[in-house]
Amino acid sequence: MSNVKLAIIYYSVTGTNYQMAQWAAAGGEAAGAEVRILKTPELAAEEDIQANPIWRAHLAETKEIPEVSYKDLEWADAIIFSIPSRFGGIPGPVKQFLDSTGALWFNGKLVNKVVSGMTSAQNAHGGQEQTILGLYTSMYHWGAIVAAPGYTNPVTFEAGGNPYGTSVTVQGGKMVEDVKAAVEYQAKRTVTVAQWVKKGIAEA
């Protein structure tokens, strides 16, 4: 059986979720997956980006990262999303991309994808859990299989205890909780579940 193909899709303004995507890639590769890191297209006005030096610098730093395509979704056996919280919800660029996957969904191209989500916010009660649960709502419509970390490993507690997906508080541009191990574990768990699903489909 071929290795699990893992797409890590992120949206990031200051670099937090890009860093989490990199940690997830390391965890996925350690579990034997073939990994692609991909970013969602940016919808913000160029003048808004240029007016924010941190945003501008991050986009310049990641200009070589490819934007996610529908072909990437079809390619992947597993998908990890790393996205910031926006008023307790999904960022507009991510929501727009998800909303545009209707043709794939209609033709059954997203069924049985194993998915997991991570997020960040400026404070611990800034909608972190709600953002991940909102993401998973779209995944249920896809017919995907959600692989949340739950409380299956102590690193979840050490990272703040979010069972739905790793989440981190960011203040002053720095992560408050140490979530690196939790992100890597979540990626490994996602790949493991995808291996089970892939094996089961092959044997069906």
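Some ground rules. Residues are numbered from 1 along each chain as its sequence is written, and side-chain values use heavy atoms, with hydrogens and water left out. The model is predicted, so local features need pLDDT of at least 70 and side-chain atom pairs count only at pLDDT 80 or more, while totals for chains, interfaces and linings use all residues.

I start with empty space. Rolling a probe the size of a water molecule over the atoms shows where empty space is left. The search runs on a 1 Å grid over the protein atoms alone: a cavity is a set of points where a 1.4 Å probe fits but cannot get out, and a pocket is an open set with protein on both sides within 12 Å along at least five of seven lines. Lining residues have an atom within 4 Å of a point. Grid points are joined across faces, edges and corners, and a volume is the space filled by probe spheres set on the points.

The largest pocket has a volume of about 470 Å³. Its lining has 21 residues, and T14, R86, A121, Q122 and V170 lie nearest the centre. Two or more lining residues come from each of α1 (16-30), β4 (114-121) and β6 (167-171). These elements are DSSP runs numbered from the N terminus, helices being H or I with at least four residues and strands E with at least two. By class, the lining has seven nonpolar, 13 polar and one charged. Here Ala, Val, Leu, Ile, Met, Phe, Trp, Tyr, Cys and Pro count as nonpolar, Asp, Glu, Lys and Arg as charged, and the others, Gly among them, as polar.

The second largest pocket has about 180 Å³. Its lining is 14 residues, with A124, Q128, E129, N162 and S167 nearest the centre. α7 (128-142) and β6 each give two or more of them, and α7 gives the most, with three. The classes are two nonpolar, ten polar and two charged.

There is one cavity of 30 Å³ or more, and the largest cavity holds about 40 Å³. Its lining includes P149, T156, N162, S167 and A182, and divides into three nonpolar, seven polar and no charged residues.

Now to β4. Buried or exposed, what are its residues? Eight of its eight residues are buried, meaning under 20% relative accessible area with a 1.4 Å probe and protein chains only. In a regular strand the side chains alternate between the two faces of the sheet. In β4, V114, S116, M118 and S120 on one side and V115, G117, T119 and A121 on the other are all buried.

Which strands does β4 pair with? Pairing requires at least two DSSP bridges between two strands. β3 (residues 78-84) runs parallel to β4 over seven bridges, and A78 has V114 as its bridge partner. β5 (residues 145-146) is also parallel to β4, over two bridges, with I145 as the partner of V114. The path from β4 through α7 to β5 is a right-handed β-α-β crossover: with the strands pointing away from the viewer, the path from the first strand over the helix to the second runs clockwise. β6 is joined to β4 in parallel by three bridges.

Last, T169 in β6. T169 is the bridge partner of A121, and is buried, at 5% relative accessible area. Beyond neighbours within four places in sequence, T169 is in contact (heavy atoms within 4.5 Å) with residues including A121, Q122, Q128 and M175.

Conventions: Buried < 20%, exposed > 50% of the residue type's maximum accessible area, 1.4 Å probe, protein only.
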